[in-house]
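The briefing below goes through them by topic.

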Amino acid sequence: MVSENGAVNEDLVKERQNCSFNTLELTHLLDGGEAKTLERKEREEYFLSDPAFKDEVPMEYLSHQEQYEHSVRKACHMFRKLQEMPHGSMDNFREPPVESVAQRIKQLLGGMLGSAILKDGNPLALHYVMFLPTLAGQGTVEQQAYWISRAWNLEIVGTYAQTELGHGTFIRGLETTATYDPSTQEFVLNSPTLTAYKWWPGGLGHTANYAVVVAQLYTQGKCHGIHPFIVQLRDEETHMPMPGIIIGEIGAKLGMNTTNNGYLGFKQVRIPRENMLMKNNKVLEDGTYVKSPSDKLTYGTMMFVRVVICQDMASYLSKAVTIATRYSAVRHQSEMKPGAPEPQVLDYRTQQYKLLPSIASVFAMKFSANWIWEMYNVVNSELDQGDLERLPELHAVSCCLKALCTSDAASAVEIVRLACGGHGYMKSSNLPSTYGLVTAACTYEGENTVLLLQTARYLMKTWQQARSGQTLTPSVAYLNLYSDWRQPRTVWENTTDCVIKAFYQVAAGKVKAAAEHMERRAKGGMTPEDAWNETSIELVAASTAHCRAFIVEKFIETVSKTDVSRPLQAVLCQMAELYAVYWLLNNKGDFLMFSNLSPADVDGLQLWLEQLLTKLRPNAVGIVDSFDIHDDILASPLGAWDGRVYERLFEESQKSPLNKEPVNKSFHEYMKPFLRSNL
Ligand SMILES: CCCCCCCCCCCCCCCCCC(=O)SCCNC(=O)CCNC(=O)[C@H](O)C(C)(C)COP(=O)(O)OP(=O)(O)OC[C@H]1O[C@@H](n2cnc3c(N)ncnc32)[C@H](O)[C@@H]1OP(=O)(O)O
Ligand SMILES: Cc1cc2nc3c(=O)[nH]c(=O)nc-3n(C[C@H](O)[C@H](O)[C@H](O)COP(=O)(O)OP(=O)(O)OC[C@H]3O[C@@H](n4cnc5c(N)ncnc54)[C@H](O)[C@@H]3O)c2cc1C
């Protein structure tokens with residue numbers, strides 16, 4: 001079914017002809033307007049046309065060390081090009097106003113360009129994603145002026161060193177100490193144990209020469225908890241480790257093998273007092289400690305990254321579903337009807353069930369990521385005015401959204417990889433490394449179970465408030481509405497209103513059940529902590545249900561308000577319905593228990609799901625085409641625009657170093673003597 005030399009695969013041509021909506025309209029919608037699409041495409045062209053980013057030998061065939069060296073070369077070239085970018089866009093980044101550092105970084109690094117150039121991680125990413133935002137968020141005006149300009153101009157390269165060998169989640173338990181010495185006005189950093197060694201920070205191994213180090217602050221004989229310090233790790237000229245710094249790379253990982261995650265130990269390393277980031281808490285010259293209104297402000301960078309991760313997950317998933325959907329349109333297999341031609345695998349219902357809900361997830365993530373990004377900016381400016389009221393709500397929403405977006409992305413990438421059969425197992429398909437990137441996000445920036453429990457903590461508090469009749473903040477207002485889930489059941493309808501209500505009824509029901517079970521345990525004599533731990537499976541489930549309800553509502557709300565042509569509107573609504581019905585059926589026990597759904601309604605829902613798959617099937621390729629992902633970003637023989645899957649797979653196989661010679665020397669060294677010995 002492949003067309004002659006270089007032409008687009010006929011199946012894909014037909015799919016594109018059958019698409020019922022204007023794919024460009026959807027592209028513009030997703031980019032935020034036509035001008036933004038043009039800007040993105042210009043940026044992509046500017047980077048992707050550069051031969052310096054092309055790999056002669058695919059990275060996977062290089063040694064660990066070579067992979068690192070190539071990625072440093074590419075990362076440096078990438079950021080140099082950013083600085084030199086035409087149309088003055090980078091000029092604005094030379095000395096950015098502090099308050100917009102985060103926005104600008106997102107604007108610069110957002111999207112998928114980075115992963116096209118560096119498929120398995122960028123050793124400079126942490127400099128932009130965490131070092132700079134920490135300087136902006138935690139530094140005083142003077143510290144910002146000095147450090148941010150040095151960091152923006154890449155005079156120094158930084159990372160964020162918080163996690164230790166012994167502790168990642170429980171950051172109050174970190175062991176690195178920073179003890180203030182008023183006689184010299186310095187902090188002395190020390191790693192008292194092996195488990196105190198920093199472990200994991202990206203770029204720490206051999207790339208960064210500075211780090212924000214999170215350590216327990218001691219002054220005047222007292223520990224004041226964890227605080228951020230700027231520490232020089234390596235000489236700016238020679239790059240040799242500074243005295244007292246023990247540093248290296250932690251080794252090969254499941255994925256992200258070019259992010260150069262490192263370890264770091266301190267042996268009585270002295271830094272000036274001014275290197276403690278003092279926007280929030282301060283240590284005066286004489287060692288007096290001055291506390292900020294909330295010790296959680298120190299956690300600001302983590303919150304920022306959790307917010308941007310949601311957007312990042314939507315990008316990775318859009319890439320994976322584009323690859324798998326185009327491949328499924330090109331791939332023919334088996335006989336659906338005796339004697340009939342082999343159908344496109346996309347025509348199998350089970351294949352549609354793997355692909356279409358995963359495509360819908362991209363939209364769900366994008367819309368909720370946009371929403372949380374706006375909330376983040378609003379709350380952040382309130383914080384700057386000293387108003388901390390909405391910080392707990394932002395923390396609660398960002399924790400559960402980060403957890404769901406990353407775990408959904410990881411499972412969807414794996415589902416669509418499996419949907420590509422054997423070819424999905426090839427590294428060249430780019431699906432394994434995409435999985436490596438997204439599954440890492442389930443752990444970094446807060447392990448997902450831990451984050452869901454943070455949201456649960458907030459839900460338990462608000463549940464008590466709901467019970468005492470208090471008005472709740474918007475994201476939990478439903479707890480007031482559905483606090484009594486044993487209300488008489490109303491008739492189930494297959495409508496989005498009924499579905500949204502059901503998701504919230506389930507969330508409220510699960511919050512209530514967890515709260516009641518915890519109370520019962522506490523009344524039975526358990527300590528609150530034990531009661532919490534015993535109930536934590538239900539707490540995580542409550543948090544998940546809360547977040548799913550929120551995502552479903554935002555999805556349906558966004559598509560209903562979007563001003564687009566009718567054909568596109570229809571597709572977006574089908575996507576939103578599919579997302580909702582898919583998750584509803586996946587958790588039908590919860591809905592039967594807590595919502596208006598009765599067993600007799602389940603058949604109708606299953607039918608609804610199947611009808612949606614039928615309606616969306618002809619637009620599957622059109623929808624992923626609208627993501628408008630450049631072939632060099634997809635970097636997959638299975639997913640290229642032209643659908644020349646088999647030719648491209650064969651071309652990729654020719655890049656294996658083993659194919660450079662007809663007989664490998666191992667034949668003469670091992671096989672031949674072995675075979676002879678069996679004669
Ligand atoms: C730059 C943009 C570019 C865009 C392009 C795309 C790029 C995307 C990014 C991709 C690249 C990423 C590279 C990888 C980066 C990984 C970096 C890391 O992992 S770094 C390492 C990341 N490491 C982690 O993430 C570690 C995870 N662990 C933690 O964050 C904490 O230990 C904890 C939150 C679990 C507990 O903390 P603990 O102090 O024990 O707290 P308790 O439980 O005792 O609760 C006490 C009270 O505090 C409250 N509260 C808590 N937090 C916050 C908050 N943030 N705020 C407000 N409140 C908060 C809580 O609600 C409670 O309130 P209440 O009920 O009393 O009223
Ligand atoms: C690719 C990657 C990049 C990273 N980059 C950085 C970086 O740049 N800088 C940095 O500082 N760190 C970084 N990290 C570290 C990362 O932030 C931590 O790994 C993460 O916060 C999880 O902590 P942990 O490894 O200690 O897991 P643990 O907390 O030990 O988790 C192990 C298990 O214990 C469970 N658990 C732990 N606490 C609780 C609890 N309270 N209740 C219930 N269950 C619990 C978890 O759910 C999990 O199942 C990175 C990690 C990875 C994988």
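Predicted model: local features only at pLDDT ≥ 70, side-chain atom pairs only at ≥ 80, totals over all residues.

Residues are numbered from 1 along each chain as its sequence is written, while chains are lettered from A and ligands numbered from 1 in the order in which they are written. Helices (H or I, at least four residues) and strands (E, at least two) are DSSP runs, numbered from the N terminus.

**Domains**

- The domain assignment, which is automatic or from a database, gives domain 1 (10-34 + 297-646) and domain 2 (159-296).
- Twelve residues from domain 1 and 14 residues from domain 2 form the contact, where two residues are in contact if their C-beta atoms, placed from the backbone, lie within 7 Å.
- On the side of domain 1 that touches domain 2, helix H12 (residues 431-440) gives the most, with four residues.
- That side of domain 1 has seven nonpolar residues, four polar and one charged. Here Ala, Val, Leu, Ile, Met, Phe, Trp, Tyr, Cys and Pro count as nonpolar, Asp, Glu, Lys and Arg as charged, and the others, Gly among them, as polar.
- The C-alpha centres of domain 1 and domain 2 are 37 Å apart.

**Ligand 1**

- There are 33 residues around ligand 1, and Lys296, Tyr299, His395, Tyr444 and Gly446 come nearest. A residue is near a molecule if its C-beta atom, placed from the backbone, lies within 6 Å of it.
- Helix H5 (101-109), helix H7 (125-138), helix H9 (300-330), helix H11 (391-418) and H13 each supply at least two residues of this shell.
- H9 has the largest share of the shell around ligand 1, six residues.
- By class, the shell around ligand 1 has 19 nonpolar, eight polar and six charged residues.
- Ligand 1 lies between domain 1 and domain 2, because both give residues to its shell.

**Ligand 2**

- Ligand 2 is surrounded by 22 residues, of which Gln162, Thr163, Gly168, Thr169 and Trp200 are the closest.
- Strand E1 (158-161) and helix H13 (448-467) each supply at least two residues of the shell around ligand 2, and H13 gives the most, with three residues.
- The shell around ligand 2 divides into ten nonpolar, ten polar and two charged residues.
- Domain 1 and domain 2 both give residues to the shell around ligand 2, so ligand 2 lies between them.

**Glutamate 445**

- An unreviewed UniProt entry lists Glu445 for "active site"; such annotations may be inferred rather than shown by experiment, and positions are given in the numbering used here, with feature names shortened.
- Glutamate 445 is in the loop between H12 and H13.
- Is glutamate 445 buried or exposed? It counts as buried because it has 24 C-beta neighbours inside 10 Å. The cut-offs are 20 or more other C-beta atoms within 10 Å of its own for buried, 12 or fewer for exposed, and partly exposed in between, with C-beta atoms placed from the backbone.
- Not counting residues up to four places away in sequence, glutamate 445 touches Met302, Val305, Arg306, Ile309 and Lys402.

- H13 has 20 residues and reaches 28 Å from its first C-alpha to its last, close to the 28 Å expected at 1.5 Å a residue. The expected span is 1.5 Å times one less than the number of residues.
- The buried residues of H13 include Leu451, Leu452, Thr455, Tyr458, Leu459 and Trp463.
- These buried residues of H13 pack against H11, helix H14 (478-481), H15 and helix H17 (536-561).
- Just after H13, glycine 469 has a positive phi of about 80 degrees.
- Helix H15 (residues 496-523) has 28 residues and should span 40 Å at 1.5 Å a residue, which agrees with the 40 Å between its end C-alpha atoms.

**Two loop residues**

- Histidine 239 has a positive phi near 70 degrees, in a residue other than glycine. Histidine 239 lies in the loop between strand E6 (222-232) and strand E7 (245-249), and is exposed, with 12 other C-beta atoms within 10 Å.
- Methionine 256 also has a positive phi, near 50 degrees. Methionine 256 is found in the loop between E7 and strand E8 (262-266), and is buried, with 21 other C-beta atoms within 10 Å.
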